[in-house]
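Subject: A structure for you to look at

Hi there,

Here is the structure I promised to pass on to you. Have it open while you read, and my notes will follow below it.

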Amino acid sequence: MSTREINVVVVGVSVAGIKAAKTIAQLSKTGYPNLRITLVDKNSYHYHAIGAPRSIVDKAYGKKLIFPLKDLLAPFELDPAHPKHTFIQASIAAVTPDSVELSTGQSVHFDYLVLSTGARNQFPANLTALNEQEAETETQRVFDNVSSAKSILVIGGGAVGVEIAGEIRAAYPDKPVTLVHSASRLLPLNFKPALSDGAVAKLQRLGVQVVLDEKIELPSDISFNCAVRPLTLRGTSGRDYVSDLQILATGTKLDTEYLAPLESKLGLVLRDPQGAIKVNSYLQLNSKGQINIFVPGDVNNLPAGAKYAYKAAQQGEHVGHNIVALIKQGASESTAKETALKEWDGSLMEIIVVPLGKHLGVFQGLGIALGKSWFGDFVTRNMKGKDYFLSQKAKEFPASSLAA
């Protein structure tokens, strides 16, 4: 048994952050009673964003996507009356060599730090609410607005945009839905063209109007928050698109300015031009002076093929195991510590499952694209189309917190 104090801070209780925190927390009951994990997130809840396309057409389902964070690590407490692991609702303001500075003014010391702040999706795949009640209100508002809208424009033909268009039209077969995408085919370009062909064909079967090679000019003074309001937007072709509800599904944004103080302190550039945090093969911050900082998930600078929830979860677990190895080794010299680490395998996502409502969908796996095939519908319906992996996500949270 080790009696030394070990402080781990996980910033961003994301898909990756949850896996990392729970992997490390297992040490609490295996000989490390003074392990303390501090979870930090700007929201009091985790949002299962994968299910956002279904939530905008299913009111009851939308409520189930919101998971409170305060009791996430309760099952790992040795003495529940005197918990070691804590949750702080705050944004991260700065990282120093041994602490994180928070928007609340708090400074939290760390021996090991996990930066899993992820990438920010467009609303409604990323909610703006800070607590569970506000989040539930937001999901209900989006559902009500989609239900009442006379026509809908979806901008962006990646997986989220395709799923949103399919879900809306499947739920409301008489509601006009137009999907506009700037590329020549739908879905990520690292997957086969047959996947896009199938998605286009099945969306059209549902009645979605699909427009490719068209970029919508977005006014800078308009907020796209799924409000019902008549609006005309122009494409680069000169065509006007008239709708009374518009949904953006145009990619993600990174916010990593919190690293600027550490960059200044170390005299290093720790981010690429897009703001992604540079990592080495162990998923550590790419700085020999800070081997106790790890960066899993969408916020790191791994290739686009690693920017999927499934891969983020794998990276979070990998980081968790590497930190556990360092804790168990207990070495003080950086060269000794690095010998305990395992390299990330560098694998990229080769499977994609895209539901188009509850019955249709496209799938690619093992290099085989099931686009127009009915078998793609069958595979998608049974893998993801039923609940967008919600039942699997619920298993990551204590039953007591879900009941509350």
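Let me start with a term: a polar contact is a pair of N or O atoms within 3.5 Å, where, within protein, one atom must be able to donate a hydrogen and the other to accept it, and residues adjacent in sequence count only if both atoms are side-chain atoms. The model is predicted, so local features need pLDDT of at least 70 and side-chain atom pairs count only at pLDDT 80 or more, while totals for chains, interfaces and linings use all residues. Residues are numbered from 1 along each chain as its sequence is written, and side-chain values use heavy atoms, with hydrogens and water left out.

**Arg-54**

What joins the side chains of Arg-54 and Glu-167? A polar contact of 2.9 Å does. Arg-54 sits in helix α2, residues 52–55 (helices are DSSP runs of H or I with at least four residues, strands are runs of E with at least two, and both are numbered from the N terminus). With a relative accessibility of 2%, Arg-54 counts as buried (buried means under 20% relative accessible area, exposed over 50%, and partly exposed in between, using a 1.4 Å probe and protein chains only). Not counting residues up to four places away in sequence, Arg-54 touches Tyr-61, Glu-167, Gly-357, Lys-358, Gly-385, Lys-386 and Tyr-388 (contact means heavy atoms within 4.5 Å).

**Tyr-388 and its neighbour**

Tyr-388 is buried, at 0% relative accessible area, and its phi is near 55°, a positive value in a residue other than glycine. Phe-389 lies in the loop between α10 and α11 too, with a phi near 65°, again positive in a residue other than glycine. Is Phe-389 buried or partly exposed? Phe-389 is partly exposed, at 23%. For background, most residues other than glycine have a negative phi, and most peptide bonds are trans. A cis peptide bond can be found between Phe-123 and Pro-124, with omega about 10°. Pro-124 is in the loop between β10 (120–121) and α4 (132–148).

**Two buried leucines**

Leu-248 is placed in strand β16, residues 246–248, and is buried at 9% relative accessibility. Beyond its neighbours within four places in sequence, Leu-248 has contacts that include Phe-123, Ile-155 and Leu-218.

Leu-65 is in the loop between α3 (59–63) and β4 (66–68), and at 0% relative accessibility Leu-65 counts as buried. Leu-65 and Gly-51 are 14 residues apart in sequence, and their C-alpha atoms are 7.0 Å apart in space. Outside four places in sequence, the contacts of Leu-65 include His-46, Tyr-47, Gly-51 and Leu-390.

**Helix α1**

Why can helix α1 (residues 15–25) be called largely enclosed by the rest of the structure? Eight of its eleven residues are buried. Among them are Ala-16, Gly-17, Ile-18 and Thr-23. The buried residues of α1 pack against elements including β1 (6–11), β2 (35–41) and α8 (309–329).

**Salt bridges**

Side chains of opposite charge can pair when their charged atoms come close. This structure holds ten salt bridges (a salt bridge is a side-chain nitrogen of Lys or Arg within 4 Å of a carboxyl oxygen of Asp or Glu). Here are some to look for:

- Glu-5 pairs with Arg-36, their closest N and O atoms being 3.0 Å apart. Glu-5 lies in the segment before β1 and Arg-36 in strand β2, so the pair ties together parts that are 31 residues apart in sequence.
- Lys-384 and Glu-163 meet at 2.9 Å, N to O. Lys-384 is in helix α10 and Glu-163 in helix α5 (residues 159–171), so this pair links parts 221 residues apart in sequence. Both Lys-384 and Glu-163 are buried.
- Arg-271 and Glu-263 form a salt bridge with closest N and O atoms 2.7 Å apart, and both residues are buried.

**From the record**

UniProt, in an unreviewed entry, places the feature "domain: FAD/NAD(P)-binding" at residues 7–314 (UniProt positions are in the numbering used here, feature names are shortened, and annotations may be inferred rather than shown by experiment). Over residues 7–314 the chain is 25% helix and 21% strand, with the end C-alpha atoms 23 Å apart.

Happy exploring!
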